[in-house]
Amino acid sequence: MKEQEYDRRLNITTSGNQRGFTDSLHHNRYEPTPYKLLDRLFENYSLSPGGRLVDVGCGKGRLNFYAHHVFGAETAGIEMNPVFYEEALENKKQYVKKHKNAEQKVTFYNCLAQDYPITARDTVFYFFNPFSVQIFIAFINEIIRSAEISPRTIEVILFFASQDYSDFLETRTVFELAKEIQLPGFDKDLRERFLIYRLHEVD
């Protein structure tokens, strides 16, 4: 199924990449995860009920709507770009027309990742290389602090991850690699995969 056709099914508009470059050395340009790869991810990974999926650098909200459509999951999207944030809100208006129960289940935040207030409901965090490893490290440390305050199992999903991201998780934190989902282009580029890291609840 083509990207635009999947968008039409969800009654949203998320196709297309950001033109030009960002004006920040620490933030990468918008590029949504292709729907066919989201299909591959969620054929091999299920969201547990009761938690919330947070897309860090959500753009126009594709993953948020997809996860709600497939699992009925509660999701949050963090987006610093005000234009993309407004497009995510417009997509929500259109999505809710066909998914009435999504009004309270899909939420967007227009802020820097480091300003996002992590809650005890947040249990899965998704990253498609939204920013530099320095910001990633700071954000992961906030996740760990949140888990210390509100003990729970937390998972981090990396797509097309830079080696710096995975090296930090594996050597500097108590996150453990729980699953690797290789994608069709993996034999040509080792970044063509999903990596799922888990932080187990501490008693």
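**Ground rules.** I am working with a predicted model, where local features need pLDDT of at least 70, side-chain atom pairs count only at pLDDT 80 or more, and totals for chains, interfaces and linings use all residues. I number residues from 1 along each chain as its sequence is written, and side-chain values use heavy atoms, with hydrogens and water left out.

**Elements.** I looked up the secondary structure and found six helices and seven strands. For both I rely on DSSP runs, numbered from the N terminus: helices are H or I with at least four residues, strands are E with at least two. Read from the N terminus, the order is α-α-β-α-β-α-β-β-α-β-α-β-β. The radius of gyration is 16 Å, close to the 17 Å that the globule rule gives for 203 residues, so the chain is as compact as a globular protein of that length. I took the radius over C-alpha atoms, and the rule is 2.2 Å times the number of residues to the power 0.38.

**Extent and cover.** The C-alpha trace spans about 40 × 40 × 35 Å along its principal axes. I find that 49% of the 203 residues count as buried, meaning under 20% relative accessible area, with exposed over 50% and partly exposed in between (1.4 Å probe, protein chains only).

**Contacts.** I then turned to contacts, meaning heavy atoms within 4.5 Å. Among those between residues at least 6 apart in sequence, 70% join residues at least 24 apart.

**Strand E7.** Which strands pair with E7? I call two strands paired if DSSP finds at least two bridges between them. Strand E5 (residues 154-159) runs antiparallel to E7, joined by six bridges. Strand E6 (residues 176-182) also pairs with E7 in the antiparallel sense, over six bridges. Strand E7 (residues 193-199) is mostly covered, with six of its seven residues buried.

**Ser48.** Is Ser48 buried or exposed? I found this residue in the loop between helix H2 (35-44) and strand E1 (52-56). Ser48 counts as exposed because its relative accessibility is 58%. I also checked Ser48 against Val124: the two are 76 residues apart in sequence, and 9.3 Å apart in space, C-alpha to C-alpha.
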